[in-house]
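Biologist: I've got the chain open on my screen and would like to talk it through. Can you walk me around it?

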Amino acid sequence: MSDAPAWDARYDAEGFTFGEQPNRYLESMLPRLRPSQSALALGDGEGRNGVWLARQGLNVTSLDWSARGLAKARALAGRHGVALETVAADLTRWNWPQRRFDLVAWIFVHLPPEDRALVAQRAVAALAPGGLLVLEGFSPAQEGRRSGGPRDPALLWTATEARRLFGGMRLLECLDGTVLLDEGPRHQGEAGVVRGLWRQAG
């Protein structure tokens, strides 16, 4: 699955590819978060989401396959005076902990179908009882738009797929529609997305 060299090259550029501010859907979860909770930010790249979670007082693990991106994530955390654990690993090969995290943030992580199913299974198992999984990903409605996302349709999310993969948890919401992205140079303009929130049993 790993395409670390390509992402390292992308993150070698000046500035932040997807900006320094958190994803807006993740940011809307603030009322549900509590200091000292444990969070996992998947595919966190340069750290915008992980650092924001750490700034809310959470203990954050930022996981990405790009060591270059995570170096920038640590620098961003340092500028904000927060701690951030970074792990450079392929999501399909990482030694996932069990029942550890109060929050898993799956923000614009697009994987081939078999990898997506595997990582979803492991992400669910990594949630502590009562933990939340928050998802945002590009949907098929994104095809032809220039606001970001993969070109391979197999990598896109559908609400049906999200409901299936996370069906063992309590569904709090799952939305499919158009949003306006303003997340660095790579995510700009109207975008077709799936957004979802699930709670682990317990």
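Predicted model: local features only at pLDDT ≥ 70, side-chain atom pairs only at ≥ 80, totals over all residues.

Biologist: Which residue in β5 does I107 stand opposite?

Modeller: I107 is in β4, which covers residues 101-107. β4 pairs with β5, and the residue there that I107 stands opposite is E136.

Biologist: In what order do the strands of the sheet come?

Modeller: The sheet is open, and its pairing is mixed. Its edge strands, each pairing on one side only, are β3 (85-88) and β6 (170-183). From one strand to the next the twist averages 15 degrees. With seven strands in all, the order reads β3-β2-β1-β4-β5-β7-β6.

Biologist: At what angle does helix α4 run to β3?

Modeller: Helix α4 takes in residues 67-80 and lies across β2 (59-64) as well as β3. Its direction relative to β3 comes out at about 175 degrees.

Biologist: Why is helix α3 largely enclosed by the rest of the structure?

Modeller: α3 spans residues 48-55. Buried here means under 20% relative accessible area, and R48, N49, G50, V51, W52, L53 and A54 are buried. So α3 is largely enclosed because the buried residues number seven of the eight.

Biologist: How far apart are the end C-alpha atoms over residues 40-131?

Modeller: UniProt lists that stretch as "domain: Methyltransferase", in an unreviewed entry. The chain there is 39% helix and 27% strand. Its end C-alpha atoms are apart by 11 Å.

How values were computed
Residues numbered from 1 in each chain as written. Heavy atoms only, no water. Pairing = 2+ DSSP bridges. Helix = DSSP H or I, 4+ residues; strand = E, 2+ residues; numbered from the N terminus. Axes fitted to C-alpha atoms, helices over the stretch in contact; angles between N-to-C directions. Contact = heavy atoms within 4.5 Å. UniProt positions renumbered as here; feature names shortened; annotations may be inferred. Buried < 20%, exposed > 50% of the residue type's maximum accessible area, 1.4 Å probe, protein only.
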